[in-house]
Amino acid sequence: MHFRVTIRFGRQRKGYHVASIEADDLVSALRQAADEMPPEVAGEADLAEIRRAATPEDRPGQDVGDPSPGG
């Protein structure tokens with residue numbers, strides 16, 4: 001499965017570290033994200049979000065037709 005990890009860090013000025021993780025499940029993705037987090041981010045991180053990333057198969061299908069109005 002593909003996961004997207006976003007970590008907010010910084011004391012004075014907030015920044016975001018974003019990573020893409022391939023893992024079998026959420027627990028494995030959390031462990032991998034923690035292991036791969038840069039030290040400068042880890043020292044100032046205050047919020048983390050991890051979610052399964054949508055794949056094209058997860059999104060509702062759209063037929064690509066004529067892009068003109070009414071097409």
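R8, K14 and D46 are linked in a network of salt bridges, a salt bridge being a side-chain nitrogen of Lys or Arg within 4 Å of a carboxyl oxygen of Asp or Glu. The model is predicted: local features need pLDDT of at least 70, side-chain atom pairs count only at pLDDT 80 or more, and totals for chains, interfaces and linings use all residues. Residues are numbered from 1 along each chain as its sequence is written, and side-chain values use heavy atoms, with hydrogens and water left out.

**Salt bridges**

- Side chains of opposite charge can pair when their charged atoms come close.
- In the whole structure, a search finds 4 salt bridges.
- One of them joins the side chains of R8 and D46, at 3.0 Å from N to O. This pair links distant parts of the chain, 38 residues apart, with R8 in strand β1 (residues 2–9) and D46 in strand β3 (residues 45–52).
- Another salt bridge is formed by the side chains of R11 and E44, at 3.3 Å from N to O. Here too distant parts of the chain are linked, 33 residues apart: R11 lies in the loop between β1 and β2 (15–22), and E44 in the loop between α2 (39–42) and β3.
- The side chains of E49 and R51 also meet in a salt bridge, at 3.2 Å from N to O.

**Exposure of the paired residues**

- Relative accessible area sorts residues into buried (under 20%), exposed (over 50%) and partly exposed (in between), using a 1.4 Å probe and protein chains only.
- R8 is partly exposed, at 26%, and D46 is partly exposed, at 40%.
- R11 counts as exposed, with a relative accessibility of 61%, whereas E44 counts as partly exposed, at 30%.
- E49 is partly exposed at 38%, and R51 is partly exposed at 49%.

**The chain as a whole**

- The chain contains 2 helices and 3 strands, which are DSSP runs numbered from the N terminus (helices: H or I, at least four residues; strands: E, at least two).
- Along the sequence, these elements follow the pattern β-β-α-α-β.
- Of the 71 residues in the chain, 18% are buried.
- Contacts (heavy atoms within 4.5 Å) between residues at least 6 apart in sequence join residues at least 24 apart in 48% of cases.
- The accessible surface of the chain, from the Shrake-Rupley method with a 1.4 Å probe, comes to about 5,700 Å², and 49% of that surface belongs to carbon and sulfur atoms.
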